[in-house]
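Dear colleague,

Please find below the sequence and structure for your review. My notes on the salt bridges and pockets follow.

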Amino acid sequence: MGKVYVFDHPLIQHKLTYIRNKETGTKEFRELIDEVAGLMAYEITRDLPLMDTTVETPVATAKAKVLEGKKLGIIPILRAGLGMVDGIKQLIPTARVGHVGLYRDPETLQPVEYYVKLPSDIEERELLVVDPMLATGGSAVEAIHSLKKRGAKNIRLICIIAAPEGVELVTKEHPDVDIYLAAQDERLNEKGYIIPGLGDAGDRLFGTK
């Protein structure tokens, strides 16, 4: 069964307060989403394997460590997931970036895949699927399905805020996927918004209504 991690780091929680605030403008909102995504990536990559090496300092030869070469991929769920990519890439600039685009069918209300572009070696990479909000969980479940049917084997889901309903659905449909959150909120309302949440992440990131 996949594990659910909720980060209580003071910097993450401090910045999350301003992300939630309805008075926070688009520019600051984008910057905060970037910063929190980077802080979360710092925690998530804590278990990346290291290997021994040596380096010449200005004084002598030193024993040192470097990443063992595990390949990483960042997969934003369009469109709001784009807001988390740069914050993670600042920490892991060699990570490849793919994209999964989904829309909600107006009749069935189910997510439908409309765009997928991924690194060619996806099966060899540890994939970080990113989306600021995990509400009903439908989009995340479908995005992970899209990756798995193309060969992905190692997937983690990173969201800033989640509702219990979304967490439950993802862990049920994809028990091999760990979930990383800055906060797990109370519930969904009748319109499918997370309460208390932060509103519509895509609209607040891109200044749309």
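Asp-121 is buried in this predicted model, with a relative accessible area of 12%. Its salt-bridge partner is Arg-125, and the closest N and O atoms of the pair are 2.8 Å apart. Arg-125 is likewise buried, at a relative accessible area of 5%.

A second salt bridge joins the side chains of Lys-148 and Asp-176, again at 2.8 Å from N to O. Lys-148 belongs to helix H4, whereas Asp-176 sits in the loop between helix H5 (164-173) and strand E11 (178-184), so this contact ties together parts that are 28 residues apart in sequence. Lys-148 is partly exposed, with 28% relative accessibility, and Asp-176 is partly exposed at 45%. Salt bridges with shared partners also connect Lys-71, Asp-121, Glu-124 and Arg-125 in one network.

In total, 14 salt bridges were counted. Among them is the pair Lys-15 and Glu-35, with 2.8 Å between the closest N and O atoms. Because Lys-15 lies in helix H1 (residues 10-20) and Glu-35 in helix H2 (residues 26-44), the pair links parts 20 residues apart in sequence. Lys-15 is buried at 19% relative accessible area; Glu-35 is partly exposed at 34%.

Of its 30 lining residues, Arg-104, Asp-131, Ala-135, Ser-139 and Asp-200 lie nearest the centre. Elements that give two or more residues to this lining include strand E4 (72-78), helix H4 (138-148) and helix H6 (201-206). The lining comprises 16 nonpolar, 8 polar and 6 charged residues.

The second largest pocket holds about 240 Å³ and is lined by 14 residues.

With kind regards

Definitions and conventions:
Residues are numbered from 1 along each chain as its sequence is written. This is a predicted model: local features need pLDDT of at least 70, side-chain atom pairs count only at pLDDT 80 or more; totals for chains, interfaces and linings use all residues. Side-chain values use heavy atoms; hydrogens and water are left out. On a 1 Å grid over the protein atoms alone, a cavity is a set of points where a 1.4 Å probe fits but cannot get out, and a pocket is an open set with protein on both sides within 12 Å along at least five of seven lines; lining residues have an atom within 4 Å of a point. Helices (H or I, at least four residues) and strands (E, at least two) are DSSP runs, numbered from the N terminus. Ala, Val, Leu, Ile, Met, Phe, Trp, Tyr, Cys and Pro count as nonpolar, Asp, Glu, Lys and Arg as charged, and the others, Gly among them, as polar. Grid points are joined across faces, edges and corners, and a volume is the space filled by probe spheres set on the points. A salt bridge is a side-chain nitrogen of Lys or Arg within 4 Å of a carboxyl oxygen of Asp or Glu. Buried means under 20% relative accessible area, exposed over 50%, partly exposed in between (1.4 Å probe, protein chains only).
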